Amino acid sequence: MAAKLKKGDKVVVLAGKDKGQTGEISSVSPKTGKAVVDGVNMSIRHTRQSQENQGGRLPKAMPIDLSNLALLDANGKATRVGFREEDGKKVRFAKTTGDVI
């Protein structure tokens, strides 16, 4: 099945403690059905000091389920994603505006 959300897409969180927050997808894991969004679902990671970095309590973005994310359209509103053929290529489009993503 084709991916509705991909790396680099601007998304909004629909459910959970970060509901309403927006961000850009930095990585997607299709096998687990999760994505890491910059600045969303932050957690504190305790790291040991090393020669390269200081260590301590560092914030880290944790994966969030794809079902809790929606793509942002050109108007800045949440939209669903559809697929259609244009010039023999399969393209994604926003259901609200009909624009190709």
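In this predicted model, E86 stands opposite K89 in β10. The two strands concerned, β9 and β10, pair in the antiparallel sense over six bridges. Together they form a hairpin with two residues between them. Most residues other than glycine have a negative phi. D87 is not a glycine, yet its phi is positive. It sits in the loop between β9 (81–86) and β10 (89–94). Is D87 buried or exposed? D87 counts as exposed because its relative accessibility is 80%.

E86 also takes part in a salt bridge, and its partner is R84, with the closest N and O atoms 3.0 Å apart. E86 counts as partly exposed, because its relative accessibility is 32%. R84, at 30% relative accessibility, is likewise counted as partly exposed.

How many salt bridges are there in total? The count comes to three. Another of them joins D9 to R92, where the closest N and O atoms are 2.9 Å apart. This pair links distant parts of the chain: D9 belongs to the segment before β1 (10–13), R92 belongs to strand β10, and 83 residues separate them. Both D9 and R92 are buried. There is also a salt bridge between the side chains of E24 and K10, at 2.7 Å from N to O. Here too distant parts of the chain are linked, with E24 in strand β2 (residues 22–29) and K10 in strand β1, 14 residues apart. E24 has a relative accessible area of 33%, so it is partly exposed. K10 counts as partly exposed as well, at 46% relative accessibility.

The strands β1 and β2 bring us to the sheet. Strands of a sheet pair through backbone hydrogen bonds, either parallel or antiparallel. In this structure six strands form an open sheet, in the order β6-β3-β2-β1-β7-β8, and the pairing is antiparallel. Its edge strands are β6 (64–65) and β8, each of which pairs on one side only. Within the sheet, β2 and β3 pair in the antiparallel sense over four bridges. V28 stands opposite A35 in β3.

N41 is placed in the loop between β3 (34–37) and β4 (42–47). Its phi is positive, about 60°, although N41 is not a glycine. Is N41 buried or exposed? The cut-off for buried is under 20% relative accessible area; N41 has 19% relative accessibility, and therefore counts as buried.

Another loop, between β7 (69–72) and β8 (78–79), holds D73. This residue is buried yet has no salt bridge. Which side chain of opposite charge is nearest to D73? It is K77, 7.5 Å away. What the side chain of D73 does reach is the backbone. It comes to 3.2 Å from the backbone nitrogen of N75, and one of its polar atoms lies 2.8 Å from the backbone nitrogen of K77. Leaving aside neighbours within four places in sequence, D73 is in contact with T79, A94, T96 and T97.

The last step is to look at the chain as a whole. It has ten strands and zero helices. Its radius of gyration is 16 Å, well over the 13 Å that the globule rule gives for 101 residues, so the chain is more spread out than a compact globule. Taken along the principal axes, the C-alpha atoms fill a box of roughly 55 × 25 × 20 Å. Of the 101 residues in the chain, 28% are buried. Among the contacts with a separation of 6 or more, 34% are accounted for by residues 24 or more positions apart.

Key
Residues are numbered from 1 along each chain as its sequence is written. This is a predicted model: local features need pLDDT of at least 70, side-chain atom pairs count only at pLDDT 80 or more; totals for chains, interfaces and linings use all residues. Side-chain values use heavy atoms; hydrogens and water are left out. Buried means under 20% relative accessible area, exposed over 50%, partly exposed in between (1.4 Å probe, protein chains only). Lys and Arg count as positive and Asp and Glu as negative; His and the chain ends are not counted. A salt bridge is a side-chain nitrogen of Lys or Arg within 4 Å of a carboxyl oxygen of Asp or Glu. A polar contact is a pair of N or O atoms within 3.5 Å; within protein, one must be able to donate a hydrogen and the other to accept it, and residues adjacent in sequence count only if both atoms are side-chain atoms. Contact means heavy atoms within 4.5 Å. Two strands pair if DSSP finds at least two bridges between them. The radius of gyration is taken over C-alpha atoms; the globule rule is 2.2 Å times the number of residues to the power 0.38.
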